[in-house]
Amino acid sequence: MDSKLDKLLEKYWNAETDLQEEQELKALLKESKHPSRENEAALMAHYEQQAAQVLDDAFDSEILAAIEKPETKVISFSSYVNRYASIAAAVLVMAISSIMFVQNQESYTSEDTFESPEEAYAELKKQLLMVSNYMNKGNRTVNELSTLGSAADELSAIGKMSSAETSLELLEEMNVNN
Amino acid sequence: MDVTGFKEEVLPLKNKLFRFALTFVKDEELAKDVVQEVLIKVWEKRAEMVFVQNLEAWCMQITRNKALDKLRSKHVKRTDQFEVQLDTRKERDTPYAVTERSQLMNRIQGLIDALPQRQREVMQLRDIEGYSYKEIAENLDIDINLVKTNLFRARRKIKESLIKVEAYGLQAG
């Protein structure tokens with residue numbers, strides 16, 4: 001009996017036992033009352049004690065409550081939002097921009113439209129008269145500018161006067177010499 | 001997978017996952033939190049389950065990752081663990097409260113806790129859960145030879161430590 005236990009123990013410490021031999025070893029050590037095997041018996045008892053550690057019964061109901069009701073709803077909602085948020089945002093931007101575009105179009109047409117063609121003609125005539133008035137004013141200004149050209153001629157005439165003065169001085173010198 | 005399928009296939013793994021989480025976090029409440037998070041994650045990812053070949057190994061891997069995350073994020077819990085250790089030491093030192101066997105078992109727990117993490121995981125799955133080498137390799141997503149090497153090293157260390165305990169008594173370091 002002990003020799004079998006010793007052999008199994010040796011194999012166990014060398015990590016050469018299979019699962020069945022390990023079960024056998026545990027059973028033999030549990031029965032063994034030999035003081036020299038106390039350490040090994042305590043080791044196997046420790047394994048047995050560890051294997052008996054379990055969660056309480058309330059755990060199952062906690063988990064099932066967590067997965068069956070609110071969690072699943074929250075998860076499905078958030079994944080739904082994540083999936084469609086970008087599409088919804090794009091649609092919203094397009095809708096807002098198209099509404100603004102249509103509104104701008106409407107405001108242009110209402111500003112330029114008169115109730116009758118006579119009114120429109122009268123307005124156009126008024127505007128054209130105003131433009132021609134401004135153009136006449138412009139013409140006058142250009143004419144005034146052209147007088148500047150004649151002023152330059154006058155200046156050149158003054159220049160000629162100075163040359164005449166020098167020739168007069170020469171004549172004076174001739175008189176002095178004579 | 002519907003709720004019935006979850007009850008039949010996933011929920012029965014809870015205790016194995018709890019004990020596995022316990023080897024990392026060493027606190028029952030924390031280990032319970034880990035298992036809760038794991039099972040809810042599995043439920044959320046139930047659509048992906050058709051691609052999963054080994055449900056149990058998949059759950060074990062999620063548990064391992066969650067438990068390690070928990071350990072990394074809960075710096076405060078280290079203080080709690082320290083307090084727990086002090087409490088058990090008090091218990092051990094009270095001669096009338098515990099027997100010699102349970103003192104020895106506490107000592108063994110300390111020896112296992114002192115093992116490197118991978119060796120501790122392999123030892124837990126083999127000696128406490130009774131998995132085959134192949135199953136352990138799948139659960140930990142490592143090579144089967146690595147499983148054997150880690151188990152051999154873990155058992156050798158425990159054996160050597162038990163010889164020391166025998167030679168110097170329970171109070172020996």
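Guide: Phe20(B) is buried, and Phe24(B) is buried as well, where buried means under 20% relative accessible area, exposed over 50% and partly exposed in between, with a 1.4 Å probe and protein chains only. Both residues belong to helix 2 (residues 14-25) of chain B, 4 residues apart, which is about one turn of the helix. Helices (H or I, at least four residues) and strands (E, at least two) are DSSP runs, numbered from the N terminus.

The model is predicted, so that local features need pLDDT of at least 70 and side-chain atom pairs count only at pLDDT 80 or more, while totals for chains, interfaces and linings use all residues. Residues are numbered from 1 along each chain as its sequence is written, chains are lettered from A and ligands numbered from 1 in the order in which they are written, and side-chain values use heavy atoms, leaving out hydrogens and water.

Over all chains there are 3 aromatic pairs; rings of Phe, Tyr and Trp (its six-membered ring) pair if their centres lie within 6.5 Å, with planes under 30 degrees apart counted as stacked, over 60 as edge-to-face and the rest as tilted. One of them joins Phe6(B) and Trp43(B), which are edge-to-face because their ring centres are 5.5 Å apart and their planes stand at 80 degrees. Since Phe6(B) is in helix 1 (residues 3-10) of chain B and Trp43(B) in helix 3 (residues 28-44) of chain B, this pair ties together parts 37 residues apart in sequence. Phe6(B) and Trp43(B) are both buried. The pair of Phe20(B) and Phe24(B) is edge-to-face too, because the centres of the rings are 5.2 Å apart and the planes are at 85 degrees.

Charged groups also meet aromatic rings. Arg46(B) lies over the face of Trp43(B), 3.9 Å from the ring centre; a charge sits over a ring if NZ of Lys or CZ of Arg is within 6 Å of the ring centre and within 35 degrees of the ring normal. The charged end of Arg126(B) is placed over the ring of Tyr133(B), 4.4 Å from its centre.

Met49(B) counts as buried because its relative accessibility is 12%. Apart from residues up to four places away in sequence, Met49(B) touches Met1(B), Val10(B), Val42(B), Leu55(B) and Trp58(B), contact meaning heavy atoms within 4.5 Å. Met49(B) and Met1(B) are 48 residues apart along the chain, yet their C-alpha atoms are separated by 7.9 Å.

Helix 1 (residues 2-13) and helix 3 (residues 38-51) of chain A have axes that come within 13 Å and cross at roughly 60 degrees; axes are lines fitted to C-alpha atoms, for helices over the stretch in contact, and angles run from 0 to 180 degrees between N-to-C directions. Leu9(A), Tyr12(A) and Trp13(A) of helix 1 make this contact with Glu40(A), Leu43(A), Met44(A) and Tyr47(A) of helix 3. Tyr12(A) and Met44(A) are also among the residues in contact with Leu25(A), which lies in helix 2 (residues 19-31) of chain A. Leu25(A) is buried, with a relative accessible area of 1%.
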